[in-house]
Amino acid sequence: MQCPDGHDCLAVVVPWSDTRFQYTVKDVALPATGSLTIGDVVHRLPAGRSWAVLDHGRGRWPYDVTWNWGAGSGCSNNRVIGLQVGGKWTVGTGMTENGIVVDGRLHKIGAELSWQYSTNDFRAPWRVSGGGLEAELRPFHDKVTRTNLGVLSSATDQCFGTWSGTYDTGAEQIEFSGLTGFAEHVHNRW
């Protein structure tokens with residue numbers, strides 16, 4: 001996949017110590033084309049309504065870490081909107097991985113965001129707010145993954161759904177709805 005000319009992405013370095021860090025790049029609202037094959041069924045990706053989120057990085061993570069991550073992309077109010085939100089793992093570092101891309105232009109959200117969701121019912125709405133952002137994910141599916149090998153363990157609830165909300169840039173209020181995406185709660189010990 002090639003990023004369109006002039007399309008911004010969000011790159012963040014999170015320093016936990018002199019020897020432990022994470023570098024991550026988040027690309028949201030990238031136009032996707034082609035097809036997806038599941039079993040023997042081929043699903044064509046409709047142009048102008050199909051989006052990709054790319055996440056790549058490097059680094060050394062702490063042994064025991066919990067994080068939130070969410071993203072969504074789509075067309076809303078005749079604009080292409082991409083939402084990227086993260087939390088927990090960056091707290092106290094002075095870094096954030098939060099932003100909204102509007103028609104290819106990134107608006108970085110430097111504030112730590114407040115995440116509100118139920119760990120007893122991950123399919124209930126998720127709310128993320130702060131730094132001018134008020135967003136809600138209404139999940140339609142919870143992909144649950146659990147592994148416990150004693151020393152190594154992982155617990156993930158990745159909820160797919162649609163995002164809606166507003167973002168205040170200071171110059172304008174951006175409203176969005178129907179962005180397809182996800183939010184996740186992850187605890188890893190590795």
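This report describes the strands, sheets, pockets, cysteines and selected backbone angles of a predicted model.

Residues are numbered from 1 along each chain as its sequence is written. Because the model is predicted, local features need pLDDT of at least 70 and side-chain atom pairs count only at pLDDT 80 or more, while totals for chains, interfaces and linings use all residues, and side-chain values use heavy atoms, with hydrogens and water left out.

**Sheets**

Strands are DSSP runs (E, at least two residues), numbered from the N terminus. Two strands pair if DSSP finds at least two bridges between them.

An open sheet of 9 strands has the order E9-E8-E7-E6-E14-E13-E12-E11-E10, with antiparallel pairing. E9 and strand E10 (114–116) are at its edges, each with a single partner strand, so one side of each has no neighbour in the sheet. From one strand to the next, the twist averages 20°, taken between lines fitted to C-alpha atoms, with angles running from 0 to 180 degrees between N-to-C directions.

Another open sheet consists of 3 strands in the order E1-E2-E5, and its pairing is antiparallel. Its edge strands, E1 (10–15) and E5 (51–59), each pair on one side only. Here the twist averages 15° from one strand to the next.

Strands of a sheet pair through backbone hydrogen bonds, either parallel or antiparallel.

| Strand pair | Bridges | Facing residues |
|---|---|---|
| E2 (residues 21–31) and E5 | 8 bridges | Val25 and His56 |
| E6 and E14 | 10 bridges | Trp67 and Val186 |
| E11 (residues 126–130) and E12 (residues 133–148) | 5 bridges | Val128 and Ala135 |
| E12 and E13 (residues 153–168) | 15 bridges | Thr147 and Ser154 |

**Hairpins and positive phi**

The hairpin of E11 and E12 has 2 residues between the strands, and Gly131 in this hairpin takes a positive phi near 60°. In the hairpin of E12 and E13, with 4 residues between the strands, Gly150 has a positive phi near 85°.

Positive phi also occurs in residues other than glycine. Ala29 has a phi near 60° and is found in strand E2. Asp103 has a positive phi near 50° and lies in the loop between strand E8 (98–102) and strand E9 (105–109). At a relative accessible area of 47%, Asp103 counts as partly exposed, a class that lies between the buried limit and the exposed one of over 50%.

**Pockets**

Pockets were found on a 1 Å grid over the protein atoms alone: a pocket is an open set of points with protein on both sides within 12 Å along at least five of seven lines, using a 1.4 Å probe, and its lining residues have an atom within 4 Å of a point. Grid points are joined across faces, edges and corners, and the volume is the space filled by probe spheres set on the points.

The largest pocket has a volume of about 260 Å³. Its lining is made up of Arg49, Trp51, Ala52, Val53, Ala71, Gly72, Ser73, Phe140, Phe160, Thr180, Gly181 and Phe182. The elements giving two or more residues to this lining are E5, E6 (64–76) and E14 (173–189). By class, the lining has 7 nonpolar, 4 polar and 1 charged residues, where Ala, Val, Leu, Ile, Met, Phe, Trp, Tyr, Cys and Pro count as nonpolar, Asp, Glu, Lys and Arg as charged, and the others, Gly among them, as polar.

The second largest pocket holds about 150 Å³ of space. Its lining includes Gln22, Thr24, Lys26, Asp55, His56, Trp67, Glu97 and Glu184. E2, E5 and E6 are the elements that give two or more residues to the lining of the second largest pocket. This lining divides into 4 nonpolar, 4 polar and 4 charged residues.

**Cysteines**

With a disulfide taken as a pair of cysteine sulfur atoms within 2.5 Å, the count comes to 0 disulfides. Cys75 is partly exposed, at 45% relative accessibility. Cys159, in contrast, is buried, with a relative accessible area of 0%.

Key
Buried means under 20% relative accessible area, exposed over 50%, partly exposed in between (1.4 Å probe, protein chains only).
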